[in-house]
Amino acid sequence: MGKSNQLFVVGIGPGNLAGMSRQAYQILQQVDIIIGYKTYIKLIEELISGNQEVYLSGMRQEKERAVKAIQMAEQDKKVAVISSGDPGVYGMAGLILELIDKGNYKVDVEIIAGITAANAAAALLGAPLMHDYAVISLSDILTPWEVIKKRLAGAAAADFITVLYNPRSSRRVEQIKAAQKIFLNQRAADTPVGIVRQIGRSGEEKRITNLANMPEEEIDMLTTVIIGNSQTYLSADKMITPRGYRL
C-alpha cells in the first residue's frame, strides 16, 4: 500500500464483514477513496473513516464508477472499487481492466478476491457444488436472451450442477420459468434445487425444493438458485452432490 496511483478492485463477499477476506478488510481501511454501488457501500459503512472520500452511484452506472476510479487513481490517489461477491464474477474487475487497456492509462491495478454468492449459498445448502458446475446469469441487459438459453441448454445437457444469478426481477419474470423448463427436459422432476435469498445479510433465508416445484414468486434479484445434477440428493435437509469417492 506504499504507492499512490493504485486502484484496488475489491470483492466484499456476500454482504457481511465476517465474510470478507482480511486482505479486503485492510485495504478498505487504508485507501483514500472508496467507490461503489450505493447498496454495497452501505454494507461496509462501519469500515469507512471520516478521512476517506466516498463516491457512490446507482444500478447500471458501472462504467461511470469505473471511469471515476481510474481518473482518481491517475491523480496519485489510492482508490478501491467494491463489488459484492468476487469482482471478477459479474463484477467490476473486467470492465476496469478493459477501460485501462483501451485508454492506455497508467494505473496499477490489483484484484482482491471475494467469496461468491455461489459459494456462500452452497455452504448454507450443504455441499451441492462437489462436482463440475456452471454459473449462469439470467439477466439479459448485457447478454442476449437467446445466448443465455443456449448456455442453459448446454449446462442442462452436460449434467452440470448449475447456479443461477439474477434469476428474476420485476421486469424479467419469464426467464426463470424458461430455465426451469429447459432443465426439466434433461433432469428428473425431483432434482434438488436450493434457493438462498439475501445471503449474508439481514433477512437471509434458504429453501430446498425440487425442479418441478421451484417457487418462482419467491425468487428475485437478491436470490441465488442452485440446481443439482443427476446425482445430487438430500440428506438431513442438506443438498449433497457425490464427488465419486468409494465409501
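These notebook entries record what I looked up in a predicted model.

**Conventions.** I number residues from 1 along each chain as its sequence is written, and side-chain values use heavy atoms, with hydrogens and water left out. In this predicted model, local features need pLDDT of at least 70 and side-chain atom pairs count only at pLDDT 80 or more, whereas totals for chains, interfaces and linings use all residues.

**Entry: Val10.** I located Val10 in strand E1, residues 6-11 (helices, H or I of at least four residues, and strands, E of at least two, are DSSP runs numbered from the N terminus). Val10 is buried, at a relative accessible area of 0% (buried is under 20%, exposed over 50%, partly exposed in between, with a 1.4 Å probe and protein chains only). Its contacts beyond four places in sequence include Ala24, Ile27, Leu28 and Ile112 (contact means heavy atoms within 4.5 Å). Ile82 is also in contact with Val10; the two are 72 residues apart in sequence, yet 4.8 Å apart C-alpha to C-alpha.

**Entry: helix H5.** I examined residues 117-125 and found Ala118, Ala120, Ala121, Ala122 and Leu125 buried. Strands E8 (161-165), E9 (192-197) and E10 (205-210) are among the elements that cover them. Gly126 follows H5 with a positive phi, near 130°.

**Entry: Thr232.** I found Thr232 in the loop between E11 and strand E12 (233-235). Thr232 counts as buried, at 7% relative accessibility. Its side chain makes a polar contact of 2.7 Å with that of Thr241 (a pair of N or O atoms within 3.5 Å; within protein, one must be able to donate a hydrogen and the other to accept it, and residues adjacent in sequence count only if both atoms are side-chain atoms). A polar atom of the Thr232 side chain also lies 2.9 Å from the backbone nitrogen of Asn229.
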